[in-house]
Amino acid sequence: MSSFENFFNYHMQTKHSYFSVRSFPNRLDWDNQPKAFKTYPNEYKKIKLDLENENHSLIFYIAGITAKKTYPGVEYYLRINPSAGALYPNEIYFQSRGNIGVEDGIYHFDISSTSITLLKNIEDSGFEPYFGLENRENGFIFLISSVYYRSSWKYKNRAFRYCLLDAGHILGSIEASSYLHNKNYDIVYDFDKSSLNKLFNFDNKEFFTSAVLLTYNTSKKINKIDTLDLPTVDGSNYFEKNDLIEKAYEDSIKAKDCKKEISLPSFSFNKSYFKEVILNRRSIREFAKQSISKVEFESILNILNQPISSNCDEKIDIYCVINRVKDMKLGILKNTEYIKEGDFMNKAGYLCLEQDLGKSSAVTFFLTSNSKNYQAMYQKAGILGHRLYLASNYLGIGCSGIGAYYDDEVCEFIGEYTQVLYALAIGK
């Protein structure tokens, strides 16, 4: 069996259906709930982020804490990036070279303390060779990892999907922060993840899924950094191995037949207001069943359809169930063209595991793909989801990501047998 068949098999095994949801209810072990933050020991130097420093601000606006919610016996810290179930399975590492206010080195973003942890100083060695680069790159190289048990504690086998979608949201946050700070970015899915996992001593409890280069090339040759001497730091406090997730990761680790996208997106947000939108982004819990305008919907679609610069760009189809958009017919769009007309709001709600969000929205989105590069396509769906959050919120429209849906019934509904990656709803 090929690696594609193996991870496609993973997708098949993690589908939701009306029967599976009722036959296999999720029972959570609250005594073993994983922690949502990873922190390296105190002997490593920690630098508090100063938001007056442009480069510190760039890092903060990727995944910084924006609010705290307290319930009896529980505290939740909300971040710039959304996460399924507020479990935040992803960590952020980066290489800094030639950046004002951030000395040259390898770092971990310690989100819990709004600081960065210096793991190792660098001079003539670095990450560049792991990306097939021979010369020194000045700027930032960000690495996104997944501590998968944070998600599998609740979502079991399906958690790999959520890890990738959440990683995509972080990539979307990097895109937004790059826009705020006038930097260009390039997402990399195809790089030597296995060697970097070993370099960071992750011990299979954590793994890299993507990287982003905010760099410029120099003519100076660079050596591969081949040791960090890091301790294995458990980012979940309690760990339960999941063979299916680990197999799916290994089977999808190598991207094949990639199509590179070199174009950059073109946004025209007011940056001062956009910064407020980023800080105040939230997932809406219910809609008032109010309509949005056709102009608002089309401007949101325009943002979604902007290019995403990466070394492995996968085609994502965007299906839109039009429920409440002024001057637009009820029905289903595939990308920008109607494929069905009619009132499907109740059906959309049913498909989203009978959640009211799917039917009380102005528009319910289903993102799908037939790609064979599983990690790249899922993370791109997360980027599109993040764009949808920010573009909608910028216009005063609420948004909510919906990671759970009846997979095969969505395919039947849209008339295409494909991989359903993400559902989202927007409205007022």
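Predicted model: local features only at pLDDT ≥ 70, side-chain atom pairs only at ≥ 80, totals over all residues.

**Stop 1: the rings.** Start by showing the side chains of Phe, Tyr and Trp. There are 37 aromatic pairs in the structure. Now zoom in on Phe-160 and Tyr-374, which form a stacked pair, 6.2 Å centre to centre with 20° between the planes. Colour by helix and you'll see Phe-160 in helix α5 (residues 159-180) and Tyr-374 in helix α12 (residues 374-394), so this pair ties together parts that are 214 residues apart in sequence.

**Stop 2: an edge-to-face pair.** Stay on α5 and select Tyr-179 together with Phe-274. Their ring centres are 5.8 Å apart and the planes stand at 85°, so this pair counts as edge-to-face. Here too distant parts of the chain are linked: Tyr-179 belongs to helix α5 and Phe-274 to helix α8 (residues 271-280), 95 residues apart. Are these two buried or exposed? Tyr-179 counts as buried because its relative accessibility is 16%, under the 20% cut-off. Phe-274 is buried as well, at 3%.

Stop 3: Show α5 and α8 as cartoons. They pack at an angle of about 150°, and their axes are 10 Å apart. That makes α5 roughly antiparallel to α8. The crossing of the two is left-handed. To see who makes the contact, select Ala-176, Tyr-179 and Leu-180 on α5, then Lys-271, Phe-274, Lys-275 and Ile-278 on α8.

**Stop 4: charges over rings.** Keep Lys-271 on screen. Its charged end sits over the ring of Tyr-179, 4.8 Å from the ring centre. For another case, jump to Arg-79, whose charged end sits over the ring of Tyr-88 at 4.1 Å from the centre.

**Stop 5: Asp-166.** Back to helix α5, where Asp-166 lies. Asp-166 counts as buried, at 5% relative accessibility. Which residues does Asp-166 touch, leaving out those up to four places away in sequence? Select Pro-82, Ser-83, Ala-84, Pro-89 and Asn-90 to see them. For a distance check, draw a line from Asp-166 to Val-325: they are 28 Å apart, C-alpha to C-alpha, and 159 residues apart in sequence.

**Last stop: a ring cluster.** Finish by selecting Tyr-10, Tyr-148, Tyr-149, Phe-160, Phe-207, Tyr-238, Phe-239, Tyr-249, Tyr-374 and Tyr-378, which ring pairs link into a cluster.

Technical notes:
Residues numbered from 1 in each chain as written. Heavy atoms only, no water. Phe/Tyr/Trp six-rings, centres within 6.5 Å; stacked < 30°, edge-to-face > 60°. Helix = DSSP H or I, 4+ residues; strand = E, 2+ residues; numbered from the N terminus. Buried < 20%, exposed > 50% of the residue type's maximum accessible area, 1.4 Å probe, protein only. Lys NZ or Arg CZ within 6 Å of the ring centre and 35° of its normal. Contact = heavy atoms within 4.5 Å. Axes fitted to C-alpha atoms, helices over the stretch in contact; angles between N-to-C directions. Parallel < 35°, antiparallel > 145°, perpendicular 65-115°, else oblique. Left-handed = near helix turned anticlockwise from the far one by under 90°.
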